[in-house]
Amino acid sequence: MMRNRFYKHLLFIIFLCLIAHFLEASEKKLQCVSYTAFQKDESPWKLENPDFKIPVERVEEDLKQIAQESECIRIYSITGLEFLPPLAEKYQLKILFGIWVNNDPIATDREISRAISIAKKYPHLIKAMIVGNETLLRKEMTSAQLITYIRKVKNNLPALDITYADVWEFWLKYPEVASAVDYITIHVLPYWEDDPVSIDQAIHHVKSIFEKVSTAFPDKKIFIGETGWPSRGRMREGSLPSEENQKKFIQEFLKLAEENHYHYNIIEAYNQPWKRYNEGTVGGYWGILHRPSEKISQLSDSIEKLGFPSRDPVETIIGTVFVFTSLLYTLFLIIKIFTKEKTHLIFNILKYLFYAQALFVTLGLVFDPRYREFPNLIFIIPTFLILYHILKNGQNRFERPIDTHWGWLFWVASIIILFQEGISNWQSDLWVAITIVLAFSLLPKNIPSPTFKIILISIFAYVGAALIRYSIMESSSVAQLCSDAMIHFQNPNMCQTRDFFGMLIHYKFFAKFALLLISIHFFIRGNFLPLIALACSVMGLVLYQVEWASVSFLIALTQCVKSKN
């Protein structure tokens, strides 16, 4: 009897322990989460305006919510958030204190001085000082310059841990930086890898990278400074952003971190719309929390869900035009297919507008694919009707010579996109199928070749622009050499050339000059102006001016074909 009672008590105690363990696990907070205070049309660049202030009330509301989920916040700069430490202390949040360093020495020195001053007032709140974020990735300075800044902060704050944060592979590329930091902070983002990782392999990838960096730096503690998954945006090979995949990644990563005793920071607390300008739609959707007070434009949100960027009112209007063009063209196609009425002027206008819009998107996916969306939902229904019409009535035989050239563009672009994206990206596969159908509908049975002169000029322009892009603008050695003021002085020709092309790219010179030449061509007839405009447009496409250059390219190509005929 006594033994039975003992076992009952023992089982009851074990049961209570399990319940307590479960409650503790369920209430466990995140170690740390990235925090940026911007909303809607705000961005770090807006801080340059002295009239813009981040509302203290908003930050306090954010921190109150974050404190329920996390023990710590990571900030990337204190500029505009000088009031944050007392609020973090109020809600018992530690701070991973970021210092933004870049190729502007005056701004960097000002940022460092401000950060050191604030850190000395609140050392008990700071988990570590992070001097620089992906600075080497952006090629904004040499590793030697970065080490100088890190040691400057360490000398002024010897009691605090000092580190630098970058994508994991840049630690392997610049191992000398490790000697200047107390521990190594790596970013492991499976979606953004050069070879994107699918959600099913993402956690294994994080673990393997952690082990790889640990092996390379056996005497240093490794901290995962950024990891996460986007909830919306384009696929990259087999890597699909979605809310379900984001939840899956976070849950599995937290389990991995607990099992392996990782120290980590999740990116990020809230969605940051301003990041869409540099990273495409996907850049704005890494947040794991939602601000109850934040309002979303239903129109721009709907346009974005259809796969067209809607980062500002102009893009929202353009996206709306794309949608309405598709709807109207679909309506006219249905009338044409099922009533067999003759085509009208409006139908022909809608037809060429629809094809031009598809080419506009396709050129972007060829020349600037990393951050471009696949607006399949906007184009798929009209394309299906076009295919149905071809299968039912035979191949279209458009009479205009420009149709042949547009058709060839679709064919070549479909091959390039398939090669760039890989077959595991079903969004890309669907867009390739759309472009193939559109190409097939434009080309007659006996497919003529595009004009040799047009091909030759386009190739020469592409090669010239590619040399500028890859040997000057994107060369790591040139970028880092020119970021050093002394070397810039010693090599003025190389660095001035880079600055000159940087200025032309910034002002979208090639695309705008092409549009100017086309405008002049309407008043001064001649074959040479459209050809020069075509060459400038191709250069613009290669040199980061895709939107403007796509428009000028289509117009220039049309004028070249007209001039020939």
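Start with the contact between two helices: Leu299, Ser300 and Ile303 in α10 meet Thr316, Gly319, Thr320 and Val323 in α11. Sorted by type, the residues of this contact are 3 nonpolar, 4 polar and no charged. Keep in mind that this is a predicted model.

Now the geometry of that pair. Helix α10 covers residues 298-305 and helix α11 covers residues 313-339; their axes come within 10 Å and cross at roughly 60°. The two helices are therefore oblique to each other. The crossing of α10 past α11 is left-handed.

On the spacing of those contact residues, a general point: an α-helix has 3.6 residues a turn, so residues three or four places apart point the same way.

Next, helix α13, residues 376-393. From first C-alpha to last, its 18 residues reach 25 Å, close to the 26 Å expected at 1.5 Å a residue. Which residues of α13 are buried? They are Asn376, Ile378, Phe379, Pro382, Thr383, Leu385, Ile386, His389 and Ile390. These buried residues of α13 pack against α11, against α12, residues 345-367, and against α15, residues 426-442.

Last, the single residue. Glutamate 60 sits in helix α2, residues 56-66. Its relative accessibility is 22%, so glutamate 60 counts as partly exposed; the cut-off for buried is under 20%. Leaving aside residues up to four places away in sequence, glutamate 60 touches Leu87, Lys90 and Tyr91. Between glutamate 60 and tyrosine 91 there are 31 residues in sequence terms, and 8.9 Å in space from C-alpha to C-alpha.

That is what I have.

Technical notes: Residues numbered from 1 in each chain as written. Predicted model: local features only at pLDDT ≥ 70, side-chain atom pairs only at ≥ 80, totals over all residues. Heavy atoms only, no water. Axes fitted to C-alpha atoms, helices over the stretch in contact; angles between N-to-C directions. Helix = DSSP H or I, 4+ residues; strand = E, 2+ residues; numbered from the N terminus. Parallel < 35°, antiparallel > 145°, perpendicular 65-115°, else oblique. Left-handed = near helix turned anticlockwise from the far one by under 90°. Contact = heavy atoms within 4.5 Å. Nonpolar A, V, L, I, M, F, W, Y, C, P; charged D, E, K, R; others polar. Expected span 1.5 Å × (residues − 1). Buried < 20%, exposed > 50% of the residue type's maximum accessible area, 1.4 Å probe, protein only.
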